[in-house]
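I opened the model today to look up its strands, its cores and its aromatic rings. My notes follow in the order I worked.

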Amino acid sequence: MQRLKFAFLVAGLLIGLVAYSQQSKKEKWTSLFNGKDLKGWKVYGTEKWYVEKGELICESGPDKGYGYLGTDQSYKDFELTLEFKQEANGNSGVFFHSSLEGTKITGWQAEVAPPGHWTGGIYESYGRGWLIKPTDDKDKALKMGEWNTMKIKVSGGQVTTWVNGQEMITFSDDKIGAANGIIALQIHDGGGIKVKWRNIKIRTL
């Protein structure tokens, strides 16, 4: 009987250690940008993506078209944090649950845009368009021309975004919950766009 109790105790400890290890692995923050080059990312389109002084920079090229920089890996449930700084026209965005064919993207975008253009809102490309926009009073959280921190949380079909600690939106969508895909940074078309990025980190949930 004592041996049986001891066996159950050991089994319970092993199960607990495995569960703790798996949970710790899920909660670990991982850097998506190494500050040196574009390792771990793929360029889509002809617009400019380069690294300078530890910053990831996207800039319109001569074609003035859409451009994307996508992760090599897909992410379903996650928290993502990053910093961005808009110079000139800062119309950009952070896509998730996405896939790309050339510069045609599917998925959802957490908007990064100049003041008055709903930074932190969620837009579905080649689909339903705007799903939710922040209320006008939240727009003051954005600091144009300065470094801003954005956080995006996707858990199941629930999405929440923050800019500089201000919650911008939260909502649920079954279509998002059923999807999976890469994370991608965007250059909007039209030319004259320049946005800097740094401290891009993710953890799975």
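This is a predicted model: local features need pLDDT of at least 70, side-chain atom pairs count only at pLDDT 80 or more; totals for chains, interfaces and linings use all residues.

**Entry 1: partners of β15.** I began with strand β4, residues 55-59, which pairs with β15 in the antiparallel sense over 4 bridges. In that pairing, C58 stands opposite V195 of β15. Next I took β6. It pairs with β15 over 10 bridges, again in the antiparallel sense. I picked out K85, whose bridge partner in β15 is K196. Then I turned to strand β1, residues 30-31. It is joined to β15 by 2 bridges, and the two run antiparallel. Here T30 stands opposite I202 in β15.

**Entry 2: the open sheet.** Which order do the strands of the open sheet follow? I read β2-β5-β14-β7-β8-β9-β10, which makes 7 strands with antiparallel pairing. At the edges I found β2 (41-44) and β10 (129-132), each pairing on one side only. From one strand to the next, the twist averages 25°. I then checked one end of the sheet. Strand β9, residues 122-125, is joined to β10 by 3 bridges, and the two run antiparallel. I noted E124, whose bridge partner in β10 is G129.

**Entry 3: nonpolar cores.** I looked up the cores next. In soluble globular proteins, nonpolar side chains tend to be buried together. The largest nonpolar core here has 38 residues. Which of them have the most contacts inside it? I listed L80, V94, W197 and I200. β15 gives the most to this core, with 5 residues.

**Entry 4: aromatic rings.** I counted ring pairs with centres within 6.5 Å. The count comes to 6 aromatic pairs. I followed up F84 and W197. Their ring centres are 6.2 Å apart and their planes stand at 50°, so I logged the pair as tilted. F84 lies in strand β6 (residues 78-88) and W197 in strand β15 (residues 193-204), so this pair ties together parts that are 113 residues apart in sequence. Are the two residues buried or exposed? Both F84 and W197 are buried. I also noted one aromatic cluster, formed by F78, F96 and W108.

**Entry 5: charges over rings.** I searched for charged ends above ring faces. K133 lies over the face of W118, 3.7 Å from the ring centre. R198 has its charged end over the ring of W147, at 3.9 Å from the centre.

**Entry 6: T71.** T71 has its place in strand β5, residues 67-74. Its relative accessible area is 5%, and the cut-off for buried is under 20%, so T71 counts as buried. What does T71 touch, leaving out residues up to four places away in sequence? I listed L32, G40, W41, I182 and I183. Last, I took the distance from T71 to F96. The two are 25 residues apart along the chain, and their C-alpha atoms are separated by 9.9 Å.

Methods:
Residues are numbered from 1 along each chain as its sequence is written. Side-chain values use heavy atoms; hydrogens and water are left out. Rings of Phe, Tyr and Trp (its six-membered ring) pair if their centres lie within 6.5 Å; planes under 30 degrees apart count as stacked, over 60 as edge-to-face and the rest as tilted. Buried means under 20% relative accessible area, exposed over 50%, partly exposed in between (1.4 Å probe, protein chains only). A charge sits over a ring if NZ of Lys or CZ of Arg is within 6 Å of the ring centre and within 35 degrees of the ring normal. Two strands pair if DSSP finds at least two bridges between them. Axes are lines fitted to C-alpha atoms, for helices over the stretch in contact, and angles run from 0 to 180 degrees between N-to-C directions. A nonpolar core is a set of buried Ala, Val, Leu, Ile, Met, Phe, Trp, Tyr and Cys residues joined through side-chain atoms within 4.5 Å. Contact means heavy atoms within 4.5 Å.
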